[in-house]
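Please keep the structure in view while reading.

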Amino acid sequence: MLALFPKMLLRAVLGLVVLLGVSTSKAKESRGHISVVLLGATGDLAKKYLWQGVFQLYLDEVSHGHTFTFHGAAQTEPERGKKLVFGRLKKLACPSDVLPDRCAVLKDQFLRLTEYRQLRTAEDYASLSREITILLSQEGLEEAGRIFYLSVPPFAYAEIARHINSSCRPRPGAWLRVVLEKPFGHDLRSAQQLANELSTFFQEEEIYRVDHYLGKQAVAHILPFRDQNRHNLDPIWNRHHIERVEIVLKEMVDVRNRTGFYEEYGVIRDIHQNHLTEILMLLAMELPANISSSEDVIRSKLQAFAALQSPEITSAVIGQYEAYNSHVREELQKGQDYFSRTPTFAGVLVQLDNLRWEGVPFILASGKVLDERIGYVRILFKNRAYCAQNESAWDSERSQCKLKQVIFYLGHGELNSPAVLISRNLFKPAMLGGSWTEVQDHPGLHLFGQPLSDYYMYVPVAERDAYSVLISRIYHGKKVSFITMENLLASWGFWTPLLDSLAGEAPRLYPGGQENKHLLDFEMVGREVSFVVKETVQVMNAWDEQTPDKYKTIQSRYRQSQLITAWPEELISRLASDIEAAAMSAIGCSGEFHLALSGGSSPLALFRQLAVYHYGFPWRQTHLWLVDERCVPLTDPESNFGKLHDRLLHHIRVPYFNVHPMPVHLNRRLCVEEDKGPELYANEIAALVANASFDLVLLGVGIDGHTASLFPHSPVGLEGSQDVVFTESPVKPHQRMTFTLPLINRAKQVAVLVMGKGKHDIVTVVSRVGHEPQKWPVSGVNPSSGQIAWYVDYEALLG
């Protein structure tokens, strides 16, 4: 087909010259020729969006000096591929402002300038390059550049990149733009690997990573809106005036026909890590002086990424629609006993640690099979006013008691259009550039608690699909609308730890649609979120009446000791209440309560429970000790004391001198024997804790059976006269300081907390072994004159 291009191209250019009323002499002043190559031209994305976007580019730019040819490419054999591509091209449409006759001519020219070819081998790419060169020579045109749009799976990127680089680059002096679709990796490591592979073939300025949400008109207007309204926004765009920010994408559809993708990625990788995070950056970044400078924008974005507080497992809630597992079993041919933990809903609380945003919650929420299809960004401002008059007298422009909010409405929902809305009692915005128009006639709709008449509301003069917007920006080389490698890695660096933490968590099941009711509502407390509606659970205690049926399901004793088991939230609630009861009892007897806490991830939820729900806890009479500590500075993220401080101490009123961190950092060095850290801590315990017998010691269990920092196959700390010792962990950081078994076994009460499906195997093993601390250190926990209680959630107990 390409052999026919020279005469056709000339005719197309001349035809457009006449059609557009441009003089022949001016048309000959060509700015050069551009070849657009769409790989994956027969795929769903190309059929739905990309061909229409490429056609829109032609409509917009054909009269501006460049000439074009368009090459649809795929691995489909030529005849079938041509049929598929041109079947789609015949359905191309012009915007409503293009007259039908003009549209027909432009569409005909576009079809004549388009070909389909099979691209598989290096020779295929070399052949394409030769034919483009021959065409340009015959037409007497200079090459301006080539666009390669890779609408293909990421595993194909490296091979295609190699072929483009070796066989199909444009001439020296012409530009190359290679466009990639997400996903860009699965986590930080895979994203880095992909980035390294691509960097061997292309310069970073040649790569355009698409996040199509950056092409949505409301999202694309966030930075211009902030820029055009600096005077009004600068004083109020901060923690002193903004109560919260919501970034939300809700969908009604399920993931049928995409379960393979979803099983690998899930909703957080699919939506939060890219779309919602990019919007977050546009809102939170410091506004550069020149928002058109991609260098300045990415610099501000990276500064905002650096200010993000690392998310914890309690920063998110996850859910899964009930039919998801049946879809997975059907499409991926899994057995009836297969159950996936892949989340299809997630609400994540994000906070930044800088002067502008400290303490402001950014809520990122998205899910499938919800009650409506809608996307929006909502900035809700604080309301400090009290209005003496009745609400009916509040004026939308002057009353400070009405809600104050800025909303970027992405589309769908009741408005069914992109829109920017600003509460009238905030300010009248500047909307420059002529691309947005104010809506004066407000239908009887309400949005986020206010009638539309309470807002200044603006909609696009002409709605454009996100891909049309982005393809135009690729053509113009506007990299500010695309994801750079630094940006990508910063995003994955933020999300990967949370994804790893959530990998073993069971999502809350929800029925879908209107039947969800309040099941997915969640609330924020400090830096944590939790579902508002608690799941119904049953707690089995030692004093429950035993029946054969109950015994078969859940034993009420474990290793001849008390067993308490429930779902995680209820289990933590019960443990916190038991600790408070133990504190009150100890204080009633001796006037003080000595509580020793282990490190690890399991106690973090307990710390939150104590900080948020136990306002009557006698902290002033409580001494807090650590059972074990990693040999790192106390400010290190790995420090057990650091986690205790951030999750508990920071939120309660406990006397400073009642807090006893382990002395792992002495004389500007960590855990050196001659500094005698264990001896110092043992002496402090002996001086303050009667008979060195703690009122309560909280322990956990590792998957290898270790407890505190007492590890299998090591005799250190299992017996002897020492109360505190150094030990070596098999995982980094290796060196630890820990209570010994003799000290633990002098406690009045010991609570062992075990949570998560990953602990099921060790829970089963430990239930069967006797006193074998050399092999299973936790089996040596047996208070000589105290009691031990095992707090084990259902998943750890039952698998």
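Which residue in β29 is the bridge partner of Leu595? The partner is Leu696, and the two strands concerned, β23 (residues 593-597) and β29 (residues 696-700), pair in the parallel sense over three bridges. The model shown here is predicted, and every value below is computed from it.

**The sheet around β23 and β29**

These strands belong to an open sheet of eight strands, in the order β21-β22-β33-β32-β29-β23-β24-β26, with mixed pairing. Its edges are formed by β21 (557-558) and β26 (659-660), each of which pairs on one side only.

**The chain as a whole**

The protein chain has 799 residues, of which 55% are buried, and it contains 24 helices and 33 strands. Along its principal axes, the C-alpha trace spans about 100 × 75 × 60 Å. Among contacts between residues at least 6 apart in sequence, 78% join residues at least 24 apart.

Another strand to look at is β7 (residues 242-250), which is mostly covered, since seven of its nine residues are buried. Two of its pairings are set out in the table, each with one pair of residues that face each other.

| Partner of β7 | Sense | Bridges | Example pair |
|---|---|---|---|
| β11 (residues 374-381) | antiparallel | eight | Leu249 and Gly375 |
| β10 (residues 362-367) | parallel | six | Val245 and Phe362 |

In general, the side chains of a regular strand alternate between the two faces of the sheet.

**The nonpolar cores**

Phe362, the bridge partner of Val245, also has a place in the largest nonpolar core, which holds 106 residues. Together with Leu39, Leu150, Leu283, Ile379 and Phe408, Phe362 is among the residues that touch the most other members of that core. Helix α12 (residues 259-284) supplies the largest share of this core, with 11 residues. Leaving aside residues up to four places away in sequence, Phe362 touches Val245, Leu280, Ala284, Val348, Leu349, Val350, Leu352 and Trp357. A second, separate core comprises 81 residues, including Phe617, Phe641, Leu696 and Val752; Leu696 is the residue that was met above as the bridge partner of Leu595. As a general background, nonpolar side chains tend to be buried together in soluble globular proteins.

**A residue in helix α8**

The last stop is Gln193, which lies in helix α8 (residues 188-199). Is Gln193 buried, exposed or partly exposed? Gln193 counts as partly exposed because its relative accessibility is 48%, a value that falls between the limits of 20% and 50%. Between the C-alpha atoms of Gln193 and Cys168, which are 25 residues apart along the chain, the separation is 24 Å.

Note on methods
Residues are numbered from 1 along each chain as its sequence is written. This is a predicted model: local features need pLDDT of at least 70, side-chain atom pairs count only at pLDDT 80 or more; totals for chains, interfaces and linings use all residues. Side-chain values use heavy atoms; hydrogens and water are left out. A nonpolar core is a set of buried Ala, Val, Leu, Ile, Met, Phe, Trp, Tyr and Cys residues joined through side-chain atoms within 4.5 Å. Buried means under 20% relative accessible area, exposed over 50%, partly exposed in between (1.4 Å probe, protein chains only). Helices (H or I, at least four residues) and strands (E, at least two) are DSSP runs, numbered from the N terminus. Contact means heavy atoms within 4.5 Å. Two strands pair if DSSP finds at least two bridges between them.
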